[in-house]
Amino acid sequence: MPAINLSNKQLIFWMMIAMIAPIIWGSTYIVTTELLPADKPLIASVLRALPAGILLVLLGRKLPQGVWWMRSIVLGLLNIGGFFYCLFVAAYLLPGGVAALIMSCQPIIVMLLGALLLKNKLKARQFVACLIGALGVSLLVLEPNMSLPTAGVQAGLAGAISMATGIVLTKKWGKPADVSVYTFTGWQLVVGGLFLLPIALVQEGFPSALTLNNLIGYTYLSLIGALVAYVVWFNAIEKLPVVTVSFISFASPLSATLLGYLVLGEVLTLSQILGTCVIVLAITISQQQLFNRALASPATNKALSKA
């Protein structure tokens, strides 16, 4: 994907826009527990991805051509289908928020793959920020006396690898020049939804009856949690450095915790408040140079760009 020439202040703006996606994803926990039928996570994933994807493809009126058939399948499996499946397996097998902690290794994977596939330089500051971010997530979600089933840990790592690889390949391949981000997003949502559909039908089956709350929940997940969030996400990948996008994903567990406090009246512990501050610190450290350039004078920006 060719680099888009944006000013540093525009990059800061797009970082703020990009945070919309993980903030929305953080709301999935509340919607699932308060509005959806119990024990149907894969059905929820299918209904989250497939209707939104079909809608975007119908609006775009374009199907992949040539090499983009295979690329769309690969990206749809990595970013949507495979990631969702691993995420829910990990969520079922691991206690509390351990899955979120394991997923927090994603920026490290993105940095390593970015160095291999995108020729990005590895920076010590970003590795330090990854460790700080993982510490923040652990403070945010961990509970005492937890046991960790091996299968759950493996599923969590596989999900992190899947999403990280999808981010890097999306940056590397970009999208067809004559295709909008909306259509490009639709292709991937359809692929991911179709991948999950037979697994969901075999393992769970559709709910026997749906309430009004269920319909509201599924509609929110499809239109907001998938359509809006992923359009924003893929727009951000197109415009921002790939490592920046990956660090922004730390906002998801942060969002889930804060929404639990604001909407459900859950009490924040001291460790969760500290974890929130640590995550914000990690994102700031990882993007310190970008923030400095945005605030600096034009002359200083020239000096920094040569550094």
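Trainee: The charged end of which residue sits over the ring of Trp68?
Mentor: This is a predicted model, and what follows is read from its atoms. A charge counts as sitting over a ring if CZ of Arg is within 6 Å of the ring centre and within 35 degrees of the ring normal. Here the charged end lies 5.1 Å from the centre of the Trp68 ring, and it belongs to Arg71.

Trainee: Which aromatic cluster is Trp68 part of?
Mentor: The structure holds nine aromatic pairs. Trp68 belongs to one cluster, whose members are Trp25, Trp68, Phe83, Phe84, Phe184, Trp187, Tyr230, Trp233 and Phe234.

Trainee: Is the pair of Trp25 and Trp233 stacked or edge-to-face?
Mentor: The structure holds nine aromatic pairs. In the pair of Trp25 and Trp233, the ring centres are 5.1 Å apart and the planes meet at 65 degrees. Planes over 60 degrees apart count as edge-to-face, so this pair is edge-to-face.

Trainee: How many residues apart in sequence are the parts that this pair ties together?
Mentor: Trp25 is buried, and so is Trp233. Trp25 lies in helix α2 (residues 20-26), while Trp233 lies in helix α11 (residues 212-239). The pair therefore ties together parts whose separation in sequence is 208 residues.

Trainee: Why do Phe184 and Trp187 count as buried?
Mentor: Phe184 and Trp187 both lie in helix α10, three residues apart, about one turn of the helix. An α-helix has 3.6 residues a turn, so residues three or four places apart point the same way. Buried means under 20% relative accessible area. Both count as buried because Phe184 has a relative accessible area of 3% and Trp187 one of 5%.

Trainee: How many salt bridges does a search of the whole structure find?
Mentor: One of them joins Asp178 to Lys62, with the closest N and O atoms 3.4 Å apart. Glu238 forms a salt bridge with Lys239, at 3.9 Å between the closest N and O atoms. The search of the whole structure finds two.

Trainee: Asp178 forms a salt bridge with Lys62; is Asp178 buried or exposed?
Mentor: The salt bridge has its closest N and O atoms 3.4 Å apart. It links distant parts of the chain, with Asp178 in the loop between α9 (150-173) and α10 (181-203) and Lys62 in the loop between α4 (41-60) and α5 (67-93). Lys62 is partly exposed at 34% relative accessible area. Asp178 has a relative accessible area of 56%, so Asp178 is exposed.

Trainee: How far apart in space are Ala52 and Leu223, C-alpha to C-alpha?
Mentor: Ala52 is placed in helix α4 and is buried, with a relative accessible area of 0%. Leaving out residues up to four places away in sequence, Ala52 touches Leu189, Ser222, Ala226 and Leu227. Ala52 and Leu223 are 171 residues apart in sequence, yet their C-alpha distance in space is 6.2 Å.

Trainee: Which helix gives the largest share of the nonpolar patch?
Mentor: The patch is a nonpolar surface area of about 580 Å², made by Tyr29, Leu258, Tyr261, Leu262, Val263 and Leu264. Leu258 counts as partly exposed, at 32% relative accessibility. The largest share, four residues, comes from helix α13.

Technical notes:
Residues numbered from 1 in each chain as written. Predicted model: local features only at pLDDT ≥ 70, side-chain atom pairs only at ≥ 80, totals over all residues. Heavy atoms only, no water. Salt bridge = Lys/Arg side-chain N within 4 Å of Asp/Glu carboxyl O. Helix = DSSP H or I, 4+ residues; strand = E, 2+ residues; numbered from the N terminus. Buried < 20%, exposed > 50% of the residue type's maximum accessible area, 1.4 Å probe, protein only. Patch = residues over 30% accessible without salt bridge, like charges linked within 9 Å, V, L, I, M, F, W, Y side chains within 5 Å. Areas by Shrake-Rupley, 256 points an atom, 1.4 Å probe, with all protein chains shown as cover. Contact = heavy atoms within 4.5 Å. Phe/Tyr/Trp six-rings, centres within 6.5 Å; stacked < 30°, edge-to-face > 60°.
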